[in-house]
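My notes follow in the order I looked things up.

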Amino acid sequence: GFSGGRVRLISGRALDVLPRLSDGGYDMVFADGAKQEYADYLSEAVRLLRVGGIVAFDNMLWHNRVADPAQRDPDTVTLREVGKLVQSDDRLRSVLMPLGDGLLAAIKVSD
């Protein structure tokens, strides 16, 4: 039920594409890429989203590794850090859903 202009799929390396997009012009940013780049995706997503927009990160439970403090591999550590960044950002309200391998969604509540 949405017009073709309401959805835009852009192919390419995220950190090459995201910086070229307009500030505050998007309703949703979905991140499912290189885990060690998720913090950079978050920074770009917050810039890109209008108030009321949603950023979503896939794989945030990472095969149940994120909840296990003994797991210290780079991807797991990065995912933990991104979760903390989202939680501590006053511009965002978030929820971590145990769907599949974990989905973290955050709505932008202010600029």
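I placed Leu61 in the loop between S2 and H3. Helices here are DSSP runs of H or I with at least four residues, strands are E runs of at least two, and both are numbered from the N terminus.

Which residues does Leu61 touch, leaving aside neighbours within four places in sequence? I found Val66, Leu96, Pro98, Asp101 and Gly102, where contact means heavy atoms within 4.5 Å. Gly102 is 41 residues from Leu61 along the chain, yet their C-alpha atoms are separated by 4.7 Å.

A note on the source: this is a predicted model, where local features need pLDDT of at least 70 and side-chain atom pairs pLDDT 80 or more, while totals for chains, interfaces and linings use all residues. Residues are numbered from 1 along each chain as its sequence is written, and side-chain values use heavy atoms, without hydrogens and water.

Next I traced the sheet. It is open, with 4 strands in the order S1-S2-S4-S3 and mixed pairing; two strands pair if DSSP finds at least two bridges between them. The edge strands are S1 (26-31) and S3 (92-97), each pairing on one side only. From one strand to the next, the twist averages 15°.

I then checked S3 against S4 (residues 103-108). They run antiparallel and 6 bridges join them. Arg93 has Ile107 in S4 as its bridge partner.

What packs on the sheet? Helix H2 (residues 38-48) does, touching S1, S2 (49-58), S3 and S4. The direction of H2 makes about 160° with that of S2; axes are lines fitted to C-alpha atoms, for helices over the stretch in contact, and angles run from 0 to 180 degrees between N-to-C directions.

Lys108 counts as buried because its relative accessibility is 5%. Its side chain makes a polar contact of 3.1 Å with the side chain of Asp111. Such a contact is a pair of N or O atoms within 3.5 Å; within protein, one must be able to donate a hydrogen and the other to accept it, and residues adjacent in sequence count only if both atoms are side-chain atoms. Not counting residues up to four places away, Lys108 touches several others, including Val46, Leu49 and Leu92.

Key. Buried < 20%, exposed > 50% of the residue type's maximum accessible area, 1.4 Å probe, protein only.
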